[in-house]
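Subject: A structure to look through

Dear colleague,

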Amino acid sequence: MTKHLLVLAVAIFTLAAATTAAAAPVSPRKSTGDFLTAHNKVRAAAKVHPLSWSPNLALKASQIVQDQPNLKTCNFAKLPEPKYGINKWRSIGLLGCAPQAVVDRWMEEKANYNDETKSCFPNEECRSYLQVVARNTGFLGCGEAACNGTSGGCLAVCLYNPPARGTA
């Protein structure tokens with residue numbers, strides 16, 4: 001009897017430790033509805049067709065975020081090289097992972113995009129902007145996780161299929 005209680009106690013302790021250490025996923029409603037709405041709002045303003053939600057991409061994005069070993073410090077480790085387009089977001093402040101705010105931040109890179117040459121200005125970053133408004137992209141899936149040990153910190157990833165071809 002004592003042996004069984006000891007085994008049960010160890011199992012409960014292990015389960016509690018794993019649950020505490022795991023990142024807290026953010027509500028699925030936020031990922032499905034709000035990220036898709038935020039993307040399609042800015043795509044409509046850019047006169048680009050709306051995206052469709054992909055549960056498969058959302059699952060993959062959620063797995064990428066949940067598997068980040070640096071959730072305690074709220075930093076991305078090296079991301080896998082997916083066959084999809086990818087945008088990532090890291091927040092340790094009040095902004096958090098509010099989908100519209102995240103997409104709006106990616107859209108700020110539009111200032112780094114040269115419409116004439118259809119490329120980023122030299123030494124400027126605009127890949128996140130290009131991925132959000134890419135005409136060839138049809139499907140979106142996003143995932144996010146709260147960071148352990150930070151107040152309001154989170155990581156978010158959106159995957160796009162097919163990926164942007166490099167121009168808006």
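Strands, like helices, are DSSP runs numbered from the N terminus, where a helix (H or I) needs at least four residues and a strand (E) at least two, and two strands count as paired if DSSP finds at least two bridges between them. Within this pair, Trp53 has Leu140 of S6 as its bridge partner.

Before going further, please keep in mind that this is a predicted model, in which local features need pLDDT of at least 70 and side-chain atom pairs count only at pLDDT 80 or more, while totals for chains, interfaces and linings use all residues. Residues are numbered from 1 along each chain as its sequence is written, and side-chain values use heavy atoms, with hydrogens and water left out.

The pLDDT is the predictor's confidence in each residue, on a scale from 0 to 100; its average over the chain is 78, and 74% of the residues score at least 70. Among the elements, strand S2 (residues 52–53) has the highest mean, 96, whereas helix H1 (residues 2–21) has the lowest, 32. Over residues 1–29 the pLDDT is below 50, and this stretch has 16 contacts in the model beyond near neighbours in sequence, a contact meaning heavy atoms within 4.5 Å. Where pLDDT is low, the predicted coordinates should not be read in detail.

The chain holds 5 helices and 7 strands, which follow the pattern α-β-α-β-α-β-α-β-β-α-β-β when read along the sequence. Of its 168 residues, 39% are buried, where buried means under 20% relative accessible area, exposed over 50%, and partly exposed in between (1.4 Å probe, protein chains only).

To return to the strands, S6 (residues 139–146) has 6 of its 8 residues buried, so this strand is largely enclosed by the rest of the structure. S6 also pairs with strand S7 (residues 154–161), in the antiparallel sense and over 8 bridges, and here Gly143 has Val157 of S7 as its bridge partner. S7 is mostly covered as well, with 7 of its 8 residues buried, and it pairs with strand S3 (residues 85–91) over 7 bridges in the antiparallel sense; in that pairing Lys88 stands opposite Val157.

Which residues have the most contacts inside the largest nonpolar core? They are Phe35, Val103, Trp106, Val132 and Leu140, in a core of 25 residues; such a core is a set of buried Ala, Val, Leu, Ile, Met, Phe, Trp, Tyr and Cys residues joined through side-chain atoms within 4.5 Å. At least two residues of this core come from each of helix H2 (28–45), helix H4 (99–107), helix H5 (127–133), S6 and S7. A second, separate core has 14 residues, including Ala61, Cys74, Cys147 and Leu155.

Finally, please look at Ser54, which lies in the loop between S2 and helix H3 (55–66). Is Ser54 buried or exposed? Its relative accessible area is 12%, so Ser54 is buried. The side chain of Ser54 reaches the backbone nitrogen of Leu57 at 3.1 Å, and, leaving aside neighbours within four places in sequence, Ser54 is in contact with Phe139, Leu140 and Gly141.

With best wishes

Terms used: Polar contact = N/O pair within 3.5 Å; in protein donor to acceptor, adjacent residues only side chain to side chain.
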